[in-house]
Amino acid sequence: MDMKFLDVLLPMMFEGLKLTVLIAVVGIGIGFLIGSLCGYLLQSKYKVGKAIAEVYIWIIRATPLMVQALYGYFVIPKLVSVDISSTIVGIGVIALNSGAFISEIVKGALMGIDPGQKEAGASLGLTSSQTMLHLIIPPAFKSALPALFNQFITSVKDTALLSAIAVNEITHQAQAYAALSFKAIPTYTALAVFYLIILSILIIVQKQIERKMR
């Protein structure tokens, strides 16, 4: 197979990688904030907040990410009469989608903390917020970290679906090249290998972090 096509395709995919990383990092960052709040509400006594979190999680988990992207790009701008770029929509979709799954991760991590931690905080004279900040959140975050990293890897893969709304990430760049060059087989083979390498690196980093945590 003539590999000269890579001279054009690889720079395009690396350009797409920049946007993929941007969307994934910013999206998962916002998603972490959303997920942390909703995860706390899910195991709290605030009925209204818990109900809102449950409805949000239900809607996100019961609809495909691509449908969310299409709705965010084609419907919401018309409803609010505001132009929204595909990149902003992509970040929002990844944030809302990852936030729903992070909510369950955070909920599980918080519920997994020994109830004795709260009693220890009370015996030390700490307020509820101080107990949460110093005795509950640190061990909960540590136990949730592997699952959070898994969610980040999933979000990186999910960005490929954003090609449906013309976000110029890796997959969209490859689709553009394939359409212009009529080289579908080598282009999509290279795309698959490119993702395999990038995600394998992330998996290796994840395992290193988990090994250090143990």
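Predicted model: local features only at pLDDT ≥ 70, side-chain atom pairs only at ≥ 80, totals over all residues.

**Entry 1: the whole chain**

I looked up the secondary structure and found eight helices and zero strands. Read from the N terminus, the order is α-α-α-α-α-α-α-α. Then I checked the dimensions: along the principal axes, the C-alpha atoms fill a box of roughly 70 × 45 × 25 Å. The protein has 214 residues, and 40% of them count as buried. I also wanted to know how far along the sequence the contacts reach. Taking contacts with a separation of 6 or more, 76% are between residues 24 or more positions apart.

**Entry 2: H1 against H6**

Next I picked a pair of helices, H1 (residues 6–42) and H6 (residues 128–158). How do their axes cross? They come within 11 Å, at an angle of roughly 140 degrees. The cut-off for roughly antiparallel is over 145 degrees, so I put H1 down as oblique to H6. The crossing itself is right-handed.

I listed who does the touching. On the H1 side I have Thr-20, Ala-24, Val-25, Ile-28, Phe-32 and Tyr-40. On the H6 side I have Met-132, Phe-141, Leu-148, Gln-151, Phe-152, Ser-155 and Val-156. Sorted by class, this contact has ten nonpolar residues, three polar ones and no charged ones.

**Entry 3: H7 against H8**

The second pair was H7 (residues 170–181) and H8 (residues 184–213). Their axes come within 9 Å and cross at roughly 165 degrees. That makes H7 and H8 roughly antiparallel to each other. This crossing is right-handed too.

From H7, the residues in the contact are Ile-170, Thr-171, Ala-174, Gln-175, Tyr-177, Ala-178 and Ser-181. They meet Ala-184, Thr-187, Tyr-188, Leu-191, Phe-194 and Tyr-195 of H8. The class count here is nine nonpolar, four polar and no charged residues.

**Entry 4: the cores**

A reminder I jotted down before looking: in soluble globular proteins, nonpolar side chains tend to be buried together. So which members of the largest nonpolar core touch the most others? I found Leu-9, Met-13 and Ile-170 at the top, in a core of 33 residues. H1, helix H4 (86–111), H6, H7 and H8 each put in at least two residues. H6 gives the most, with nine.

I followed Met-13 a bit further. Ignoring neighbours within four places in sequence, Met-13 is in contact with Ile-170, Ala-190, Leu-191 and Phe-194. Two of those names were already in my notes on the H7 and H8 contact: Leu-191 and Phe-194 sit on the H8 side there. Ile-170 is listed there on the H7 side.

There is also a second, separate core of eleven residues. Among its members are Leu-65, Ala-69, Val-89 and Ile-94.

**Entry 5: single residues**

I started with Lys-183, in the loop between H7 and H8. Setting aside residues up to four places away in sequence, Lys-183 touches Phe-5, Tyr-177 and Ala-178. Phe-5 is 178 residues away along the chain, yet the two C-alpha atoms are separated by 8.8 Å.

Then Gln-173, which is found in helix H7. With a relative accessible area of 14%, Gln-173 is buried, the cut-off being under 20%. Leaving out residues up to four places away, Gln-173 touches Met-12, Glu-15, Gly-16 and Asn-168.

Ser-163 was next, in the loop between H6 and H7. I have Ser-163 at 14% relative accessibility, so it counts as buried. Again not counting residues up to four places away in sequence, Ser-163 touches Glu-169, Thr-171, His-172 and Gln-175.

Ile-136 has a relative accessible area of 5%, so it is buried. I also looked up the spacing between Ile-136 and Gln-117: they are 19 residues apart in sequence, and 6.9 Å apart from C-alpha to C-alpha.

Notes. Residues numbered from 1 in each chain as written. Heavy atoms only, no water. Axes fitted to C-alpha atoms, helices over the stretch in contact; angles between N-to-C directions. Helix = DSSP H or I, 4+ residues; strand = E, 2+ residues; numbered from the N terminus. Parallel < 35°, antiparallel > 145°, perpendicular 65-115°, else oblique. Left-handed = near helix turned anticlockwise from the far one by under 90°. Contact = heavy atoms within 4.5 Å. Nonpolar A, V, L, I, M, F, W, Y, C, P; charged D, E, K, R; others polar. Core = buried A, V, L, I, M, F, W, Y, C linked by side-chain atoms within 4.5 Å. Buried < 20%, exposed > 50% of the residue type's maximum accessible area, 1.4 Å probe, protein only.
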